[in-house]
Every structure is written in structure tokens, then in C-alpha cells.
Amino acid sequence: MLTCDQVRAALSARVDGEDSPFDDDIVDAHLSGCPDCQAYYERITALNRMMAFQDASDIETETPPDLTAMILAGVEPVRRKQATRFALAEAIARVLLVVFGLIYVAWAVMLLTNVAALPVSGLPAGTLIATDDPLLAGLLFDAAAFRMAMAFGLFFAAWRLQSAAGLFPVFGALFTFSLGFGVRDLVLGFATAGDVWGIALMFATAVLVLLAWLTTLRTGTVDRMVRSVTATPQTDL
């Protein structure tokens, strides 16, 4: 004879689709004569039917909070701070490019003054023709024109900072070339203070145009460039 607890365990297994440890005929015989087990069977059957056919749309779900405003409130100050920093860096780079351009203009004028100071036979003072040393005069003219061209390049870069990238190889090559001859003249005792000043100016200009170009880049660009050169895998997709 089965107890009510055993029968109810068997009925629960039947409703859940599990195997019952007791024969169904014995369980049904007890169920037909036990009102308590009949009521228990009806409750679990109704509960199982309700859970099986309940519409998912009827289930109340909690709506997640909208965090858009909170996220934007945290991002916007950072974006504005970065934009201000980039704008300030670009403004400083433009001013320095103009200042360096004026220095090269002054350098060109000084070279032209040296041409005018060359000994001239039978010509009025200040005439830019040197009949006594035409080769030196021509070199000074070319040097002045070259420095004037560098000044205009710096002025253009101050207007369009992206173009500073094209000036960096030029001034870098000038500095490297001038440094080699400057070291030779320094060893031989021919170097002057003006030579040292000119080499230092070219080096400073090369650094300036490089920094001016970097100010046009935004966050992450330099990192991606370094990773592309070093073959480091990129993770910021």
C-alpha cells in the first residue's frame, strides 16, 4: 500500500514528464480513492498548464534605466577639454611658424646686405653687383633666395598646418647636411658663431614643423602610426 507522500511524488514526476518509481495502475488506484491526492493532482496539473501556456508578453519586466544622459555628461567635458587643448596647440604652432619665418626673412636680408657690402669697383655704395667677386655674390644671392623660400614655406605651413609634414624632410636634410660641414669647420677652426647659430636654427625649425604637424593629429592617430610601423597588432577597432 502506497502512502500519500509516495503517490504525490509519483504524480509530480508524471506531470514533469519524468519516470515514476511506481506503477501507474497502483498510483491511479490510490488517486481514485483519496480526495486529498486528487486535489493535489489538480493543483499541480493546473500550475503546470499555466506555466506552459503563459504568454511571455504577460510577464512584467523591469525597464532598464536610460544611461545616455549620464554617459554624455561624462564624455562631453573630456571632449571639450581635448578640443581646447588641440586648439591651443595649433594656435601656438601657427605663431611660432610665423616667428621662425620672419627670422628666415631677416637672415635673407642680412645675406643681401653682405652682397651689397662686397667691394665694388666704380659703382655707388649699396649696389648689389660685385664685379670684384661675382662667384661669392652669386652664392650669397642664392643663399638669400633659398632662405626666403624657406620663410614662405613656414608662412604657408602657418596657414595650413597639415603642410608642415612636407617641410620636415626638407629642414631635416638641411640640418643634417649643415651639421656635417659645421663639425668639419669646427675641427679645422673655421666655424663662426653665425655658423653655429644657423645650424641650431635649422634644427629648431625641423623640430617645430614636426610638432606643428603633430598638432593636426587627433587622439589615437599617432598610436596607430607607431603600431603600423612596429607591426604591433591593433586592438582599437
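Which residues of H7 are buried? The answer is given below, after an outline of the model.

## Basis of the model

This is a predicted model, in which local features need pLDDT of at least 70, side-chain atom pairs count only at pLDDT 80 or more, and totals for chains, interfaces and linings use all residues. Residues are numbered from 1 along each chain as its sequence is written, and side-chain values use heavy atoms, with hydrogens and water left out.

## Overall architecture

The protein contains 8 helices and 0 strands, and its elements run α-α-α-α-α-α-α-α from the N terminus on. Helices (H or I, at least four residues) and strands (E, at least two) are DSSP runs, numbered from the N terminus.

Of the 237 residues in the protein, 25% are buried. Buried means under 20% relative accessible area, exposed means over 50%, and partly exposed lies in between, with a 1.4 Å probe and protein chains only. A contact is defined by heavy atoms within 4.5 Å. Among contacts between residues at least 6 apart in sequence, 66% join residues at least 24 apart.

## Annotated regions

The unreviewed UniProt entry carries the annotation "domain: Putative zinc-finger" for residues 4–38. UniProt positions are given in the numbering used here, feature names are shortened, and annotations may be inferred rather than shown by experiment. In the model, residues 4–38 are 71% helix and 0% strand, and their end C-alpha atoms lie 10 Å apart.

The unreviewed entry also gives the annotation "transmembrane region" for residues 91–115, 135–157, 164–184 and 196–217. Residues 164–184 are 100% helix and 0% strand, with end C-alpha atoms 30 Å apart. Residues 196–217 are 86% helix and 0% strand, and here the end C-alpha atoms lie 33 Å apart.

## Helix H2

Helix H2 covers residues 24–32, and its buried residues are Val 27, His 30 and Leu 31. Seen down the axis of H2, these buried residues fall within an arc of 100 degrees, so they line one face of the helix. The arc is that of the directions from the helix axis to the C-beta atoms. Asp 25, Ala 29 and Ser 32, on the other side of H2, are exposed.

The buried residues of H7 are Gly 198, Ile 199, Leu 201, Met 202, Thr 205, Ala 206, Leu 208, Val 209 and Ala 212. H7 has 22 residues and reaches 32 Å from its first C-alpha to its last, close to the 32 Å expected at 1.5 Å a residue. The expected span is 1.5 Å times one less than the number of residues in the helix. Thr 205 lies in H7 and counts as buried because its relative accessibility is 0%. Leaving aside residues up to four places away in sequence, Thr 205 touches Phe 100, Tyr 104, Leu 154 and Phe 171.

Thr 216 is located in the loop between helix H7 (193–214) and helix H8 (221–230). With a relative accessible area of 18%, Thr 216 is buried. A polar atom of the Thr 216 side chain lies 2.4 Å from the backbone oxygen of Trp 213. Beyond its neighbours within four places in sequence, Thr 216 is in contact with Glu 90, Leu 161 and Gln 162.

## Nonpolar cores

A nonpolar core is a set of buried Ala, Val, Leu, Ile, Met, Phe, Trp, Tyr and Cys residues joined through side-chain atoms within 4.5 Å. The largest such core has 28 residues, and those with the most contacts inside it are Leu 97, Tyr 104, Leu 154, Phe 171 and Val 209. Helix H4 (68–116), helix H5 (134–159), H6 and H7 each give two or more residues to this core. H5 gives the most, with 8 residues. Apart from neighbours within four places in sequence, Leu 154 is in contact with Leu 97, Phe 100, Gly 101, Tyr 104, Leu 167, Phe 171, Thr 205 and Val 209. A second, separate core of 11 residues includes Leu 2, Val 7, Ala 10 and Cys 37.

## Two further positions

Leu 174 is found in helix H6 (residues 164–188) and counts as buried at 17% relative accessibility. Leaving aside neighbours within four places in sequence, Leu 174 is in contact with Phe 146, Met 150 and Met 202. Leu 174 and Phe 203 are 29 residues apart in sequence, and their C-alpha atoms are 8.5 Å apart in space.

Ala 145 has its place in helix H5 and counts as partly exposed at 47% relative accessibility.

Definitions and conventions. Polar contact = N/O pair within 3.5 Å; in protein donor to acceptor, adjacent residues only side chain to side chain.
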